[in-house]
Amino acid sequence: MTNILSLDTVAIINPIAKERLTLVEPEYESVKSLPSGQVGTVVEVSEREGEKYYLVEFSDKQGQEYAMVILKEHELLVLHYTLEVA
């Protein structure tokens with residue numbers, strides 16, 4: 001089990017259907033899904049009935065948010081930029 005925290009950078013493991021997304025920018029209305037590997041940022045962590053949920057924001061290269069989605073831990077891969085040494 002991974003300890004995913006707010007502001008962690010994550011990638012989605014499988015495509016996320018458009019029906020689950022909150023699209024912010026109108027030009028993205030034509031997308032059918034977010035592809036696997038898409039990188040986002042965890043902006044909120046919540047828990048319901050013992051299961052954690054993560055609100056993930058997706059932004060373009062200029063930092064403009066284009067989509068948000070609530071995901072479960074098994075749908076995410078936390079990205080690391082440094083190697084943790086014990």
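**Strand pairing, salt bridges and core of the predicted model**

In the hairpin of E5 and E6, two residues lie between the strands, and glutamate 49 takes a positive phi near 50°. Strands (E, at least two residues) and helices (H or I, at least four) are DSSP runs, numbered from the N terminus. The model is predicted: local features need pLDDT of at least 70, side-chain atom pairs count only at pLDDT 80 or more, and totals for chains, interfaces and linings use all residues. Residues are numbered from 1 along each chain as its sequence is written, and side-chain values use heavy atoms, with hydrogens and water left out.

Strand E5 covers residues 39-48 and runs antiparallel to E6, with seven bridges joining the two. Two strands are taken as paired if DSSP finds at least two bridges between them. Within this pair, valine 42 has valine 56 of E6 as its bridge partner. Threonine 41 stands opposite glutamate 57 in E6. Glutamate 57 in turn stands opposite methionine 68 in E7. E6 and E7 are also antiparallel, again over seven bridges. Their hairpin has five residues between the strands. Glycine 63 lies in that turn and has a positive phi of about 85°.

Strands of a sheet pair through backbone hydrogen bonds, either parallel or antiparallel.

The largest nonpolar core has 17 residues. A nonpolar core is a set of buried Ala, Val, Leu, Ile, Met, Phe, Trp, Tyr and Cys residues joined through side-chain atoms within 4.5 Å. Val56, Phe58 and Leu76 have the most contacts inside this core. The elements that give two or more residues to it are strand E1 (9-12), E6, E7 and E8. E7 provides the largest share, four residues. Contact here means heavy atoms within 4.5 Å. Leaving out residues up to four places away in sequence, valine 56 touches Val10, Gly40, Thr41, Val42, Ala67, Met68, Val69, Leu71 and Leu76.

The structure holds three salt bridges. A salt bridge is a side-chain nitrogen of Lys or Arg within 4 Å of a carboxyl oxygen of Asp or Glu. Side chains of opposite charge can pair when their charged atoms come close.

Glutamate 29 lies in the loop between strand E3 (22-23) and strand E4 (33-34), and lysine 18 in the loop between strand E2 (16-17) and E3, so the pair ties together parts that are 11 residues apart in sequence. Accessibility is classed by relative accessible area (1.4 Å probe, protein chains only): buried is under 20%, exposed is over 50%, and partly exposed is in between. Glutamate 29 is partly exposed at 40%. Lysine 18 is partly exposed at 26%.

Another salt bridge links glutamate 75 and arginine 20 through their side chains (2.7 Å, N to O). Glutamate 75 lies in the loop between strand E7 (65-72) and strand E8 (76-78), and arginine 20 in the loop between E2 and E3, so the pair ties together parts that are 55 residues apart in sequence. Glutamate 75 is buried, with a relative accessibility of 13%. Arginine 20 is partly exposed at 38%.

Lysine 72 forms a salt bridge with glutamate 51, the closest N and O atoms being 3.8 Å apart. Lysine 72 is in strand E7 and glutamate 51 in strand E6 (residues 51-59), so the pair ties together parts that are 21 residues apart in sequence. Both residues are partly exposed: lysine 72 has a relative accessibility of 28%, and glutamate 51 one of 32%.

Apart from neighbours within four places in sequence, glutamate 75 is in contact with Ala11, Ile12, Ile13, Ile16 and Arg20.
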